[in-house]
Amino acid sequence: MGYALKFANRMDLNKCQPMAKGFCLANPGKQYLAFQPNKGEPIKLKLEPGRYRYEWFDPASGKTVSEGRTRAKKAETTVKDPIEGEAVLYVYKRRTE
């Protein structure tokens, strides 16, 4: 439960809603938290166009294993899972730089 709290403290849960498919909680256009229970399967998110940062979290080790930036240009974005097992993807809107 500690890992869930880590992300809950970073998100505006009052504005979040479950996405239609998969295991994803979203504040559309701002924050997305997705769980991938199946090894090797990509995560598909309906991101609004814009610049985002992302973090891959490995719940087995309790560590963030990858971070980066991406730009969403279309509604559905597919992200490949870099973790050899269950994974959590946190995507959030970048601030204006």
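Is Asn27 buried or exposed, and what is its relative accessibility?

Modeller: The model is a predicted one. In it, Asn27 has a relative accessibility of 7%, and because buried means under 20%, Asn27 counts as buried. This residue belongs to strand S2, which covers residues 23-27. When neighbours within four places in sequence are left aside, the contacts of Asn27 are Asp12, Lys15 and Cys16.

Cys16, one of these contacts, is itself buried, at 16% relative accessibility. Cys24 is likewise buried, with a relative accessible area of 11%. Cys16 takes part in no disulfide, and the nearest cysteine sulfur to it, that of Cys24, is 8.9 Å away. A disulfide would require the sulfur atoms to lie within 2.5 Å.

The strand that holds Asn27, S2, is part of an open sheet of six strands, in the order S1-S2-S3-S8-S5-S6, with antiparallel pairing. The edges are formed by strand S1 (17-18) and strand S6 (63-72); each has a single partner strand, so one side of each is left without a neighbour in the sheet. In general, the strands of a sheet pair through backbone hydrogen bonds. Within this sheet, S5 and strand S8 (residues 87-93) are joined by six bridges in the antiparallel sense. Across this pairing, Glu55 stands opposite Tyr90 in S8.

In one of them, the ring centres of Phe7 and Phe57 are 5.5 Å apart and the planes stand at 80°, so the pair is edge-to-face. Phe7 lies in helix H1 (residues 2-8) and Phe57 in strand S5 (residues 50-58), so this pair ties together parts that are 50 residues apart in sequence. Both Phe7 and Phe57 are buried.

Two charged side chains also lie over aromatic rings. Arg10 is placed over the face of Tyr92, at 5.7 Å from the ring centre. Lys93 has its charged end over the ring of Tyr52, 5.1 Å from the centre of that ring.

Key
Residues numbered from 1 in each chain as written. Predicted model: local features only at pLDDT ≥ 70, side-chain atom pairs only at ≥ 80, totals over all residues. Heavy atoms only, no water. Phe/Tyr/Trp six-rings, centres within 6.5 Å; stacked < 30°, edge-to-face > 60°. Helix = DSSP H or I, 4+ residues; strand = E, 2+ residues; numbered from the N terminus. Buried < 20%, exposed > 50% of the residue type's maximum accessible area, 1.4 Å probe, protein only. Lys NZ or Arg CZ within 6 Å of the ring centre and 35° of its normal. Pairing = 2+ DSSP bridges. Contact = heavy atoms within 4.5 Å.
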